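Hello,

Here is the structure I promised to pass on. Please open it first, then read my notes below.

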Amino acid sequence: MEDISSLIKKAMFNLKPEAKFRPDYQTALENEEVKKFLATHQAEITPEIIDNSLDNLYLFTQQLKSNRIQKILQGYEPHLVLNDNLIEITYAPGKVMQTELALNKAQKRIQLIDLPEKLKNVTLSELDKAPGREEALVKIATFLKQYQTNSHARGLYLEGSFGVGKTYLLAGLANVLAQNGTQVIFLHTPSFIASLPTFVKKNTLAAEVDKITQAPVVIFDDIGAESLSEWSRDDILGVIFQKRMDNELPTFFTSNLDLAGLEKHFSETKNSVDELKAKRIMQRIRFLSEEVLVKGENRRV
Ligand code: ADP
Ligand code: MG
């Protein structure tokens, strides 16, 4: 095997007369990326191949350094490839673009139902650790660790007053899960319950309920703020919780109510008071999640 510098020298020596003295070709062959490519492929590359590829090598080095071309490439980066007897340029997403593509892919794994798109940009590491949320952050981290090896890890019930950051904390959790390949449904419970008549009209209720029942991770945001009928409590929420419980699928909640307050809320539907039914649904929520208090100031401006 010839070493690469003698290969280059030989190639230069063999150059067609009109190319021999072109300084741009010389510079191209001295480019670090080009040298690296030639070194990795030295077993296959002959002086003739280099000779035939000089234009491409030159173009390649130009593309590496030209801002104008970088702009045209829009995140793609030029790479050299050996195709038969010619070194050619191909383009692949660069680092920045790769990160962006991975992020887009992750964001597609989160389905927001009646919640703002901006929640997909909340990152746990950027969430400030204001006092009052340490316990929630620790429990979220513990869940994420457990979930790596146990897809039946227990969810959390984040309870606290309006604006302390409960939804944001779970958005941070959802984004980590999505980046690790998990599908997450993040739904605003009051709007979901209010949409039920529309689902019935459009004949999509069963599909919606199945989707929420089966998703690997579901977050019920703002539970306790919805207005329930016996039907939406027992046949919709109750059934979803029961099935998620049977299958031990991680389920999270945020609420302004503590568990006792939620029980009271569930006991009072539009037309009746039913403490037994409320207790039954609470059992499921208790099974699915661990209660964590989030304290702090109202951060909404
Ligand atoms: P909650 O769900 O408890 O009512 P949110 O999660 O919606 O509260 O948070 C309220 C607002 O506070 C958010 O819209 C966001 O602007 C801000 N916020 C929440 N948590 C954080 C945080 N950790 N760091 C910075 N801003 C935050
Ligand atoms: Mg909220």
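In which helix does phenylalanine 37 lie? Phenylalanine 37 belongs to helix 4, which spans residues 32-40. Keep in mind throughout that this is a predicted model.

**Phenylalanine 37.** This residue counts as buried, because its relative accessibility is 9% and the cut-off for buried is under 20%. Leave aside the neighbours within four places in sequence. Phenylalanine 37 then contacts Ile45, Leu80, Val81, Leu82 and Ile87. Take valine 81 from that list. It sits 44 residues away from phenylalanine 37 along the chain, yet the two C-alpha atoms are separated by 8.4 Å.

**Leucine 173.** Look next at helix 9, residues 166-179, where leucine 173 has its place. Its relative accessibility is 0%, so leucine 173 is buried. Beyond the neighbours within four places in sequence, leucine 173 is in contact with Leu124, Ile140, Phe143, Leu144, Ile219 and Phe252. Valine 122 is 51 residues from leucine 173 in sequence. In space, C-alpha to C-alpha, the pair is 9.0 Å apart.

**Threonine 269.** This one is in a loop, between helix 13 (259-267) and helix 14 (275-288). Threonine 269 still counts as buried, because its relative accessibility is 10%.

**Helix 11.** Which residues of helix 11 (residues 205-214) are buried? They are Leu205, Glu208, Val209, Ile212 and Thr213. These residues cover an arc of only 130° around the axis, so they lie on the same side of helix 11. The face turned away from that buried side carries the exposed residues Ala206, Ala207 and Gln214.

**Ligand 1.** How many residues surround ligand 1? There are 13, and the closest are Gly163, Lys166, Thr167, Tyr168 and Arg300. Three of these deserve a look on screen.

- Glycine 163: a backbone N or O atom lies 2.7 Å from an oxygen atom of ligand 1.
- Lysine 166: a polar side-chain atom lies 2.8 Å from an oxygen atom of ligand 1.
- Threonine 167: an N or O atom of the side chain is 2.7 Å from an oxygen atom of ligand 1.

Taken alone, ligand 1 exposes 550 Å². The protein buries 80% of that.

Best wishes

Terms used:
Residues are numbered from 1 along each chain as its sequence is written. Chains are lettered from A and ligands numbered from 1 in the order in which they are written. This is a predicted model: local features need pLDDT of at least 70, side-chain atom pairs count only at pLDDT 80 or more; totals for chains, interfaces and linings use all residues. Side-chain values use heavy atoms; hydrogens and water are left out. Helices (H or I, at least four residues) and strands (E, at least two) are DSSP runs, numbered from the N terminus. Buried means under 20% relative accessible area, exposed over 50%, partly exposed in between (1.4 Å probe, protein chains only). Contact means heavy atoms within 4.5 Å. The arc is that of the directions from the helix axis to the C-beta atoms. A residue is near a molecule or strand if one of its heavy atoms lies within 4 Å of it. A polar contact is a pair of N or O atoms within 3.5 Å; within protein, one must be able to donate a hydrogen and the other to accept it, and residues adjacent in sequence count only if both atoms are side-chain atoms. Accessible areas come from the Shrake-Rupley method with a 1.4 Å probe; for residues, only the protein chains shown count as cover.
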